[in-house]
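Hello,

Have a look at it first, then read on.

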Amino acid sequence: MIMGPSCAMFLAFMGAEVIKIEPPEGDKTRNLTGMGRGFFPTFNRGKKSVTLDLKSEPDRAQLHQLLESADVFIENFRDQSLKKMGLSPAQLQEKYPSLVIASCKGFLHGPYENRTAMDEVVQMMTGMAYMTGPTGRPLRIGSSANDIMGGLFGAFAVVSTLLARQRDGKGHALRIGLFENCLFLVAQHMVQFDLEGTEEPPMPERNFSWPVYDIFKTASGKQIFIGAVTEGQWSALCRVLGLNEMLDDERLQNRPDQIKARSWTIPLITKAVATRSFDDLAVALEEQGLPFSPISRPAEMYEDVHVNRPNGLFVSHEQSRTFRAPGLPIEIDGNPFLPDNLDLPDIGQHNAEFFSATVEKEQ
């Protein structure tokens with residue numbers, strides 16, 4: 001639903017012609033509701049749609065017609081299903097030796113390779129969910145971040161392999177693992193244990209490496225995150241909050257001592273923040289170069305002044321409706337990266353473009 005489509009979407013954003021193969025009735029994610037409503041429109045922007053019934057021999061022949069001139073084949077099927085259709089990486093490599101095949105899977109080859117995986121499954125398996133929620137309450141990340149990053153690794157591998165193909169003319173079969181992607185995301189916690197033999201508690205209970213890295217309430221009750229991670233930032237925050245006595249306190253003259261003193265300094269900072277309005281405090285913190293943030297909901301991003309800068313959001317068309325969504329987080333030579341096309345294709349919209357002779361014959 002996301003890993004494979006996002007992989008192809010990233011390539012489409014970068015200028016590739018991407019053809020999405022859908023069943024005759026359309027991709028099932030087109031009809032998702034609730035939290036799944038944004039899946040298809042978000043991750044299928046800029047693609048063309050061709051409908052094929054891959055259980056049908058004539059339609060599989062049409063797929064091969066496309067593959068004859070394709071550079072890349074991206075799939076996220078189960079291995080057994082692909083082999084039955086004659087579309088396994090080995091079968092495709094034999095027929096199309098210069099084709100780059102990107103297989104977006106739950107796991108790389110190994111004991112788990114045939115397991116069914118989803119974003120939430122691998123987050124639970126790798127310790128990501130354990131680190132996100134409080135003890136005894138593992139929580140998945142609040143977006144499909146793991147699926148999306150898996151797709152990004154896939155696109156990165158495709159581009160790298162295409163560059164290599166320019167030198168040797170050879171295609172390659174790539175396999176991108178969702179589990180291994182999530183494992184990479186928790187590697188910092190694994191390495192800490194491997195080096196020190198210590199396990200960090202979940203993020204809500206973590207041992208702080210910074211004097212201030214917390215959420216506070218302002219005078220109106222609006223929450224604000226504030227960080228002070230260096231001695232310089234500590235001094236700046238104390239001045240902003242009028243806590244000058246903490247600047248001179250001999251117990252607080254370096255970062256290790258400031259961290260040790262959190263049990264009594266954070267209540268003082270909490271009390272000081274509670275006397276300030278959010279807007280005034282935000283201005284003061286920004287002037288001092290201190291890290292801070294409101295606690296926002298995704299829907300509020302449509303009102304954010306930075307998000308709404310020119311080319312911060314792009315308009316896409318989905319049949320008779322439009323929606324706004326971000327593009328790639330890239331600037332080139334100081335200029336925003338502007339994809340050529342961000343619209344969604346209708347089901348089978350481009351069949352005639354690629355199979356015009358077949359369409360005319362049927363008509």
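The charged end of Lys-222 lies over the ring of Phe-278, 4.1 Å from its centre (a charge counts when NZ of Lys or CZ of Arg is within 6 Å of the ring centre and within 35 degrees of the ring normal). Arg-115 likewise has its charged end over the ring of Tyr-112, 4.1 Å from the centre, and Tyr-112 forms one aromatic cluster with Phe-107 and Phe-179.

Before going further: this is a predicted model, where local features need pLDDT of at least 70 and side-chain atom pairs pLDDT 80 or more, while totals for chains, interfaces and linings use all residues. Residues are numbered from 1 along each chain as its sequence is written, and side-chain values use heavy atoms, leaving out hydrogens and water.

There are six aromatic pairs (rings of Phe, Tyr and Trp, the last by its six-membered ring, with centres within 6.5 Å; planes under 30 degrees apart are stacked, over 60 edge-to-face, the rest tilted). One of them, Phe-153 with Phe-184, is edge-to-face because the planes stand at 75 degrees, with centres 5.8 Å apart. Phe-184 is exposed at 56% relative accessible area, whereas Phe-153 is partly exposed at 30% (buried is under 20%, exposed over 50%, partly exposed in between, with a 1.4 Å probe and protein chains only).

Finally, three strands make an open antiparallel sheet in the order 6-7-8 (strands are DSSP E runs of at least two residues, numbered from the N terminus; a pair needs at least two bridges).

Best wishes

Note on methods: Helices (H or I, at least four residues) and strands (E, at least two) are DSSP runs, numbered from the N terminus.
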